[in-house]
Amino acid sequence: MPPRPDAAAEDVAVRPGLLVLALALGVTTLSLLQSLVVPVLGTIEDQLGVSPGAAGWVLTANLLAAAVLTPVLGRLGDLRGERPVILGILAVVALGTLLAIVTESLPLLLLGRILQGASYGLFPLSISVLRRELPEARLGVAMSVVSSTLAVGGVVGLVATGLLIGDGGDYRPPFWIGLGVTLASLLLAWRLLPRRASSGSGRVDWWGAAVLGAGLVLLLLPVSQGNAWGWGSPGVLGCLAGSAVVLAGWVLLQRRTAHPLVRPAMLADRRTIVPNVAGLMTGIALFASFLAVLQYVQAPPEVAGYGFGASVLEASVVYLLPGGVVGIVLAPLAGRVVTRLGALPTLLAGAGSGVAGFLLLAFLRGEPWLVVAAGVLTQLSVTVAYAALPALVVQAVREDETGVANAVNSIARSVGQALGSTVAVTLIAATLDPATGFPRAMAFTGVALIGALATLAVVVAAAVGLVADRRWGTGRRPDPLAAMEEATARAGEWSPVSGIR
């Protein structure tokens, strides 16, 4: 969407290329900090003298903070303007990363990871900025480039960790890279993000945010800690039941709130259901691919009977980096395809490559080049999905809901990543061979098939969306209910139809 006519009076003219660079670097901060701790959990355990379960909270604390903060930050950006919120996020993330570097205490490291969890708000706010500042002809490519860094930055984090620590050493050096990228992002954002008046009206629904955060914490806590607690334990079952009750109560609360955090009608709209389901399944596939490839290629074939005996560095550079490079190169092309052919056909084609990649990993992984090829295909699928998803969300919602709508999609992806990593770890742990101490080969076949099924679900979701578009009209067709609510919101009134949101 082009800038509003009065935008020039608020700030200097926007330079699209530099704006995309600033936002892409910010989103890279998010994915980099998310992934760089994965290979060093064992090192954290040894250096801080904690149990594997306690070290696992380095991932869990970050994920829980993201679940609580992301929708609030997205809504704040809609109401207060994206620039101050983005700058505030980057400052908090820099503080958390510095704390992670200097501390020798697990509680303080967890606090640093909680502060880093604010970085998840950068992606939805970046999409809001692009939607407002760029003309429609350039929006698809710009969103694709920024969104692709979610996947590419994850690979960069794993490779950087491999380069810096190899098979041992201190866990802190990768965080220095994270701090450097965060500070560079902060500087670019301060210099390049335009100052604009906010596009939204109303206020932040803090009660709704608190209830949603509680429900998501109750959902993600057992997902991330189920292996340590036991899947049939009272803690896991109680949290899952509590999550269902709290999230159902949150929906009822949103229906009765004049200015809800998220309109329930938006969550029920088929145009947002498709990208949210696709985001959930893509998150599952992404982490299933990462974990399966990393553990498989590092296994010594003379002991485990499979694998290539790769070091941490070799596993990252040889087997994961090619997919990251492909993602960087193809992101602009994926954006052009989305603009020319539409987001749903692009999502469908990309997911097809992911299914092929996971099937290759499941049944034909005996040679290193086949594993690399499988990684490239699955990374291509993720890159294309991340190019198409924000386009689908933007088509479905009003401009003043762009931040919170993309925040919901970000949460869906985060839940998927948690599920993917948990399922992979559980399956691998359940098939350990007592004689060798390594998982049986069937575990990796199972993880790859789970990734194939998740990506196949993206194919189905995209196909259903295409059929619905052909039957009811394109994704750009206005929603009458949303139009009525937008009209009343602009008039500063409570919507007369809010009782049936």
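**View 1. The largest pocket and its lining.** The largest pocket is lined by 48 residues, with V38, L41, L59, L291 and V425 lying nearest its centre. On a 1 Å grid over the protein atoms alone, a pocket is an open set of points where a 1.4 Å probe fits, with protein on both sides within 12 Å along at least five of seven lines, and lining residues have an atom within 4 Å of a point. This is a predicted model, in which local features need pLDDT of at least 70 and side-chain atom pairs count only at pLDDT 80 or more, while totals for chains, interfaces and linings use all residues. Residues are numbered from 1 along each chain as its sequence is written, and side-chain values use heavy atoms, without hydrogens and water. About 1,400 Å³ of space lies in the largest pocket. At least two lining residues come from each of helix 2 (41-48), helix 3 (52-80), helix 9 (206-229), helix 12 and helix 17; helices are DSSP runs (H or I, at least four residues), numbered from the N terminus. The lining comprises 26 nonpolar, 19 polar and three charged residues. Here Ala, Val, Leu, Ile, Met, Phe, Trp, Tyr, Cys and Pro count as nonpolar, Asp, Glu, Lys and Arg as charged, and the others, Gly among them, as polar.

**View 2. Helix 12 against helix 17.** Helix 12 (residues 270-298) packs with helix 17 (residues 402-430) at about 35 degrees, their axes being 7 Å apart. Axes are lines fitted to C-alpha atoms over the stretch in contact, and angles run from 0 to 180 degrees between N-to-C directions. The contact of helix 12 with helix 17 has 13 nonpolar, nine polar and one charged residue.

**View 3. Helix 7 against helix 14.** The axes of helix 7 (residues 136-165) and helix 14 (residues 312-341) come within 8 Å and cross at roughly 175 degrees. Helix 7 is therefore roughly antiparallel to helix 14 (an angle over 145 degrees). Their contact contains 16 nonpolar, nine polar and one charged residue.

**View 4. The salt bridge of R263 and E401.** The side chains of R263 and E401 form a salt bridge at 2.6 Å, N to O (a side-chain nitrogen of Lys or Arg within 4 Å of a carboxyl oxygen of Asp or Glu). R263 lies in the loop between helix 10 (234-255) and helix 11 (264-268), and E401 in the loop between helix 16 (368-396) and helix 17, so the pair ties together parts 138 residues apart in sequence.

Terms used. Angles under 35 degrees count as roughly parallel, over 145 as roughly antiparallel, 65 to 115 as roughly perpendicular and the rest as oblique. Grid points are joined across faces, edges and corners, and a volume is the space filled by probe spheres set on the points.
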